[in-house]
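Me: I am new to this structure and would be grateful for a close look at a single part of it.

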Amino acid sequence: MYGFINTCLKSLVVEKYGEETWEKLRIQAGVQDTFLTFEVYKDEITMQLIDKACKMLDVPPDMVLKQFGEFFFEFCKRSGYDHMLRTLGGNLYEFIENLDALHSYLSLSYQEMNAPSFRVEKNEDGSMHLHYYSDRRGLCHIVPGIIGAAALDFFNTEISMEIVNQTEEEERTGKKEHIVFLVTQKPVFSYKKRNKFSSSPQYIDDSGRRIEKQLNKEGIEKNKKKIRDRTSLVSVCPAKKNHWETIRGIVTLGRGKLLRGFDPAYPTTLWIDTKTFCNGLPFHIVFDEELRVKQAGVSIQKIVPGLQTLGIRLDHYFSIVHPEVTFTISSVQKFINSQFVFRTRREMMPESWKQRPMLELRGQMIWMESLQCMLYLCSPLLRTLHELEERQMHIADIAPHDVTRDLILLNQQRLAEMELSNQLERKKEELRILSKHLEEEKKKTEALLYAMLPKHVANQLKEGKRVEAGEFKECTILFSDVVTFTNICAQCEPIQIVLMLNSMYLRFDRLTTVHDVYKVETIGDAYMVVGGVPVPVSTHAERVANFALGIIIAAEEVKNPVSGKPIQIRVGIHTGPVLAGVVGEKMPRYCLFGDTVNIASRMESHGVPSKIHLSPTAHYCLKDKKFEMTERGEIEVKGKGKMHTYFLIRNRTATENEIMGNPIKESDSDHESVQSFHESRIKMIQSSCQQAMQPSSDQDQPPTIAMKYIDGPTETQASYKGRSQERIMDLTGKTHDFESYGHLHDDQQPGSDPYLPNQERIKPAPEEPQNRNVRSNFCNLI
């Protein structure tokens with residue numbers, strides 16, 4: 001089938017059921033997404049699509065095919081065939097009778113089209129028998145959809161079609177499905193008007209008018225009878241007229257004259273001699289019931305010299321291409337209303353024709369009852385000038401009155417336009433595929449960019465804009481590092497360290513998604529995240545606290561490559577104001593500046609393995625948030641003096657699965673605490689430690705479920721709404737306009753100005769003097 005059919009099927013699914021349904025159907029059927037109009041595809045593709053559609057939509061095949069037939073009719077109208085279809089016939093019988101002629105015309109463009117064939121018979125009760133012949137089995141239910149839609153649209157008639165006979169006939173090309181439909185018609189307006197007005201008051205009031213119309217109808221019947229009597233006197237052999245032909249005979253035209261029933265006038269003798277007839281109709285053949293040639297046109301005699309011998313059998317020189325029937329007089333009479341295509345037999349042609357393509361003739365059959373002979377009026381079936389040249393024929397060989405001359409020239413131009421259209425369609429499809437791939441690559445690039453920078457910052461950099469620094473009045477920063485990381489590096493190969501850190505960071509990165517915190521950066525074993533930046537939220541401390549509980553659990557799933565035991569991490573948290581901005585042009589990074597960063601780093605470096613160390617401000621933000629904390633007491637903090645700090649123990653309300661972003665189990669419905677899962681967690685850790693650490697093991701993560709937080713308006717957001725731009729001092733000391741997120745506290749201690757270039761940014765050296773140097777050397781090594 002041509003791609004036009006599959007495109008129609010795709011449009012039906014998309015319009016009725018949506019793009020997602022088509023995508024699922026296409027994947028199940030294993031076919032491409034788009035089809036070229038003039039490209040020929042295997043019938044199996046269409047059959048597979050229909051079969052999968054029936055199963056997916058749970059609809060019987062006959063219903064799907066009927067719906068497809070109705071949509072195919074509308075699709076053809078939309079595609080520019082509306083006017084062509086409307087002019088096929090004045091009623092449904094004529095419309096069906098000329099469908100084969102339409103297919104014959106379309107075959108000029110769709111040269112490999114294998115169309116079905118239709119034959120229609122009238123019955124005395126007004127019904128029709130429609131004979132449907134097709135090489136494709138199982139598609140007969142499309143016919144009621146197409147014919148029903150055409151009858152309703154063109155002739156305002158509802159029809160019912162039922163199968164009365166179904167056989168397989170042995171034809172020239174093999175078995176052909178032959179379906180006989182009984183077609184009954186019913187005008188739409190009669191039933192609808194009766195339902196619409198039968199119960200209304202106006203229907204009763206208009207009864208007088210209907211009586212008057214009935215009287216007028218009786219008058220018309222009298223006039224009809226008079227016309228019939230009059231025409232019976234004039235006509236020698238009056239033709240039998242149906243109801244509508246009689247009505248046309250009494251319609252008033254012009255100046256009140258009535259159109260009488262038409263009866264053609266025939267001469268008593270034929271005023272044309274045999275020679276003129278054979279020259280005027282150069283392509284015609286007359287043969288009898290035994291297929292013996294009685295007469296032939298001069299041009300066809302020139303091409304097939306054997307026809308000059310009268311009495312030879314026609315089937316010796318020609319075979320029937322369409323309709324696909326056996327070459328007998330009974331088969332020809334059965335399809336007498338169809339166009340017949342004959343093809344010359346190569347073995348009977350002259351030697352000069354042996355190397356040429358065989359000539360095809362197309363025309364109609366006329367049965368001459370008085371002579372008991374069949375007249376075949378035909379013309380050469382030639383689509384292009386190239387086909388004319390291949391057969392070494394010329395335009396002059398075709399009669400001047402034959403429109404085949406014009407058809408060849410017009411179709412030559414049409415085929416050139418179709419080829420151009422086909423090329424454009426192919427280029428369009430190539431561009432569509434390239435655009436789709438480009439969009440996929442763009443998404444990958446943006447995902448990578450958004451993983452490195454906040455989305456709004458990345459978008460500004462893409463647009464070539466300068467990203468100004470922003471103030472955040474309150475946020476929570478977390479630092480973590482691996483205990484005895486220096487010793488581990490000294491005793492392991494670099495690849496082992498890379499695998500260990502990658503396993504740990506993959507778990508940490510997943511938790512940033514669960515709690516919606518921003519990962520600032522990693523340096524060696526140090527991991528830094530912030531809550532409330534770059535998007536201010538009121539629950540920044542709770543998010544970071546839950547994240548800290550999560551990474552303590554996650555770290556126990558990563559083993560030390562030296563000892564084989566779970567690694568231990570220190571975690572420090574502090575809450576305060578920061579300044580955030582993009583630093584540098586090469587590999588730009590979104591960095592945080594301010595004393596809050598220093599204090600958070602000190603909380604980590606002065607922390608305890610597997611503990612979460614809190615500053616006083618972080619403890620203040622969490623004390624009313626259903627977290628369990630314990631007091632550590634007053635400690636000496638490098639560069640800060642004495643500070644009263646705390647340890648975060650657990651979340652009293654959230655379960656371990658909620659904190660880790662795992663699917664909620666039934667056992668979590670009572671909101672047991674994190675510690676209630678301590679025993680199961682130990683078993684999981686022991687099992688994890690028994691397995692060898694492989695890079696692929698980190699890819700098998702459970703589905704991530706984000707933890708829910710309820711954020712209220714923050715002071716930062718309120719201050720941001722109240723103004724659009726502010727003048728501040730940037731890192732270079734120059735003033736500039738920018739949209740800020742908030743203000744720094746005004747009570748900054750002397751000597752801790754966050755804007756100074758030499759301000760300490762991430763974290764100071766830990767207690768071991770050689771620790772940071774070893775990490776730096778390791779980072780340079782890997």
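With which residue does Glu74 form a salt bridge, and how far apart are the closest N and O atoms? Please also describe the helix to which this pair belongs.

Reply: The model is a predicted one. In it, Glu74 forms a salt bridge with Lys77, and the closest N and O atoms are 3.9 Å apart. Both residues lie in helix α4, where they are three residues apart and therefore separated by about one helical turn. Glu74 is partly exposed, with a relative accessible area of 33%, whereas Lys77 counts as buried at 17% relative accessibility, because buried means under 20% relative accessible area.

Helix α4 covers residues 61–86, and its axis comes within 10 Å of that of helix α1, residues 3–17; the two axes cross at roughly 110°. That angle makes α1 roughly perpendicular to α4. On the α4 side, the contact is made by residues including Phe68, Phe71, Phe72, Phe75 and Cys76. On the α1 side, Phe4, Ile5, Cys8, Leu9 and Leu12 are among them. By class, this contact of α1 with α4 has twelve nonpolar, four polar and three charged residues.

Arg136 is buried, with a relative accessible area of 15%, while Asp43 is partly exposed, with 25%.

Key:
Residues numbered from 1 in each chain as written. Predicted model: local features only at pLDDT ≥ 70, side-chain atom pairs only at ≥ 80, totals over all residues. Heavy atoms only, no water. Axes fitted to C-alpha atoms, helices over the stretch in contact; angles between N-to-C directions. Helix = DSSP H or I, 4+ residues; strand = E, 2+ residues; numbered from the N terminus. Parallel < 35°, antiparallel > 145°, perpendicular 65-115°, else oblique. Contact = heavy atoms within 4.5 Å. Nonpolar A, V, L, I, M, F, W, Y, C, P; charged D, E, K, R; others polar. Buried < 20%, exposed > 50% of the residue type's maximum accessible area, 1.4 Å probe, protein only. Salt bridge = Lys/Arg side-chain N within 4 Å of Asp/Glu carboxyl O.
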